[in-house]
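Colleague: Before I use this model, I would like to know what stands behind the words used for it. Please show me the structure and then take my questions in turn.

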Amino acid sequence: MIDKSVPFAKLKMIHPAGTEIPDFPLPNGFRFVFYQNGDEKSWARIETSVDEFDNEFAALMRFKDDFYPADELPKRCLFIENPEGEKIATATAWWAYIGEERRAWLHWVSVDPNYQGLGLGKALSSRVTKLMRELDGDVDFYLSTQTWSHVAISIYEKCGWQPTDEEVLYGRKLRGHYKKALKILEKIKKTG
C-alpha cells in the first residue's frame, strides 16, 4: 500500500548492468503467469487495491495508455496467481524512450494488500528483473517510484536496485527530488 503519512518525493532507481539478480522463490501454491487477453481487468483491480488509482476504470485507461504496443504484453507483463488461480500481483518488464534511446523499465509493481508480507513482492521484483535481462540484455534497467512506496523501495534494494541521482524521469526533470527522497527514506529507516 502507498503510505501517504510520509512526505512525497519521486525517486528513480537503477539496476546497473552486470548486477546480480538474487532469487526469491514464491511461497508454495503461488505461481507466475504471463498476461493473456482480458487480464487488463485483473491489472486494474490490483493497481486500484494498492491506491494507485481511485477506481478500476481510471486504471484501465492508464493501462491502455502505458502498454502499447499490446502485442508485447504476453511476454512482458507478469502476474502472480494465488492457489485458487486469482491474480493477486503484477509487474511489467517494459521500456521508455529517453530521446531516441529506448531504456528498459520495471513498471507498475503491485501486490494486493491481502497478500502483502508473504514475500511475493521480492519474488515478483526478482523474476521481472530477470525477465528484463532475458528480453533486453544485460543493460542498465530503471524504475520510477516515490517515498510513499518506501516498503517497495526496500524490496527493490534487496533485488539489486539502487537510487540514482539522474535528474530526468520520463523526459521531465526531477528538480531536487533525489536528495529529498534520500532524506525521507533515511528518516524512515531510523524511526522504522
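**Strands, burial and backbone**

Modeller: Strand 4 (residues 87–98) and strand 5 (residues 101–111) run antiparallel and are joined by nine bridges. This is a predicted model, in which local features need pLDDT of at least 70, side-chain atom pairs count only at pLDDT 80 or more, and totals for chains, interfaces and linings use all residues. Residues are numbered from 1 along each chain as its sequence is written, and side-chain values use heavy atoms, with hydrogens and water left out.

Colleague: What makes strand 4 and strand 5 a pair?

Modeller: Two strands pair if DSSP finds at least two bridges between them. Nine bridges join strand 4 to strand 5, so the pair meets that definition. Across it, Thr 90 stands opposite Ser 110 in strand 5.

Colleague: How many helices and strands are there in the protein chain, and what counts as one?

Modeller: The protein chain has six helices and nine strands. Helices (H or I, at least four residues) and strands (E, at least two) are DSSP runs, numbered from the N terminus.

Colleague: Why is the chain called as compact as a globular protein of that length?

Modeller: The radius of gyration is taken over C-alpha atoms, and the globule rule is 2.2 Å times the number of residues to the power 0.38. For 192 residues the rule gives 16 Å, and the radius of gyration of the protein chain is 16 Å, close to that, so the description applies. Along the principal axes, the C-alpha atoms fill a box of roughly 40 × 40 × 35 Å.

Colleague: What is the order of the strands in the open sheet, and why do strand 2 and strand 7 stand at the edges?

Modeller: The open sheet has seven strands in the order 2-3-4-5-6-1-7, with mixed pairing. Strand 2 (31–34) and strand 7 each have a single partner strand, so one side of each is left without a neighbour in the sheet.

Colleague: Which strands does strand 1 pair with?

Modeller: Strand 1 pairs with strand 6 (residues 141–146) in the antiparallel sense over six bridges, and Lys 12 has Ser 144 as its bridge partner there. Two bridges join strand 1 to strand 7 (residues 162–163), also antiparallel; in strand 7, Pro 163 is the bridge partner of Met 13.

Colleague: How do you know that strand 1 is mostly covered?

Modeller: Buried means under 20% relative accessible area, exposed over 50%, and partly exposed in between (1.4 Å probe, protein chains only). Five of the six residues of strand 1 (residues 10–15) are buried. In the protein chain, 46% of the 192 residues count as buried.

Colleague: Why does Trp 95 count as buried, and what does Trp 95 touch?

Modeller: Trp 95 is found in strand 4. Its relative accessibility is 12%, so Trp 95 falls under the 20% limit and counts as buried. With contact meaning heavy atoms within 4.5 Å, and residues up to four places away in sequence not counted, Trp 95 touches residues including Tyr 68, Pro 69, Arg 102 and Trp 105.

Colleague: What makes Asp 51 and Trp 108 stand out in the backbone?

Modeller: Neither is a glycine, yet phi is positive, at about 70° for Asp 51 and about 50° for Trp 108. Asp 51 lies in the loop between helix 1 (40–49) and helix 2 (56–66), and at 39% relative accessibility Asp 51 counts as partly exposed. Trp 108 has its place in strand 5 and, at 14%, counts as buried.
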